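Visitor: I'm new to this one. Can you walk me through it?

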Amino acid sequence: MALATPHAGHSPTRNAEIVLVRHGRSAYAPRGWIDVEGLRRWMVAYDAAAIALHHPPPPALVALVHAADVVVASDLPRAVASAALLAGTHEVRQSPLLREAALETPDLPLPRLGGLRLPFTAWALVFGYRWLQASRRGAPPPGVDAAALARAEEAAAWLADLAAERARVVVVTHATFRTLLAAALVRRGWQLPAKRPFREWSAWRLPHSSIAAP
């Protein structure tokens, strides 16, 4: 799999489309009750894990990726494994630009909750609440700092270049970073779909505003 690098900007070609795919379900399944330090250990293990092979991609997504002109992916194992499963005969270009945004940044550390231990599903609710509060304030999501936003802008510029050269570009990335990337693409004239599911293997198809959507 080739490592991708950004290049100069061009106008989109006829029928250009960027498809943002969330990777498949992680092979790492957290168990038990954990405190904030356990959550940090989970983050490391999650980033090291590939995907669960008992949760394959839907056939429609496989067909969509097979019809692509180029396939790119985050270089984290779960995205690499997902792209390999989807890509068929396509070469997959990997890029660290497409990695997930961190759950913890220096400006917004993980909540310690007084050392309280919670099941993983409860931690998910904590992060969901923090995300909702940030959205209400018009602030970036938790864990999204200036570096992640700048990376999304750089990735969007690169993907727009690829679409200008190769028409349909499939991008295998992550839940939070996909949201940042989609927003950056919209600022460059790409159109969001009306429905944007967040589950694993979901795909958002973005045509350019100068081109009729398929």
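Visitor: What should I know about the model itself?

Guide: It is a predicted model, where local features need pLDDT of at least 70 and side-chain atom pairs count only at pLDDT 80 or more, while totals for chains, interfaces and linings use all residues. Residues are numbered from 1 along each chain as its sequence is written, and side-chain values use heavy atoms, with hydrogens and water left out.

Visitor: Back to Glu153. Which residue does Glu153 form a salt bridge with?

Guide: Arg187, with the closest N and O atoms 2.4 Å apart. A salt bridge here is a side-chain nitrogen of Lys or Arg within 4 Å of a carboxyl oxygen of Asp or Glu. The pair links distant parts of the chain, 34 residues apart: Glu153 is in helix H5 (residues 146-166), and Arg187 is in the loop between helix H6 (175-186) and strand E8 (203-207). Helices (H or I, at least four residues) and strands (E, at least two) are DSSP runs, numbered from the N terminus.

Visitor: Is Arg187 buried or exposed?

Guide: Exposed, at 56%.

Visitor: How many salt bridges are there by this rule?

Guide: The count is 10. One of them joins Arg168 and Glu17, at 2.9 Å between the closest N and O atoms. Arg168 lies in strand E7 (residues 168-173) and Glu17 in strand E2 (residues 17-22), so this pair ties together parts 151 residues apart in sequence. Arg168 is buried at 19%. Glu17 is buried too, at 3%.

Visitor: And where do Glu37 and Arg40 sit?

Guide: In helix H1 (residues 36-48), three residues apart, which is about one helical turn.

Visitor: New topic. Why is H6 called largely enclosed?

Guide: Because nine of its 12 residues are buried. Among them are Phe177, Leu181 and Leu185.

Visitor: What covers the buried residues of H6?

Guide: The cover includes E2, helix H4 (120-137), H5, E7 and E8. Contact means heavy atoms within 4.5 Å.

Visitor: How many residues are in the largest nonpolar core?

Guide: It has 29 residues. A nonpolar core is a set of buried Ala, Val, Leu, Ile, Met, Phe, Trp, Tyr and Cys residues joined through side-chain atoms within 4.5 Å. Leu20, Val72 and Leu181 are among those with the most contacts inside this core. H5 gives the largest share, nine residues.

Visitor: Which residues does Val72 touch, leaving aside neighbours within four places in sequence?

Guide: Its contacts include Val92, Leu98, Trp158 and Val171.

Visitor: Last one. What lines the largest pocket?

Guide: The lining has 30 residues, with Arg22, Trp42, Tyr46, Glu100 and Leu103 nearest the centre. H4 gives the most, six residues. The space is about 950 Å³. On a 1 Å grid over the protein atoms alone, a pocket is an open set of points where a 1.4 Å probe fits, with protein on both sides within 12 Å along at least five of seven lines; lining residues have an atom within 4 Å of a point. Points are joined across faces, edges and corners, and the volume is the space filled by probe spheres set on them.

Terms used. Buried < 20%, exposed > 50% of the residue type's maximum accessible area, 1.4 Å probe, protein only.
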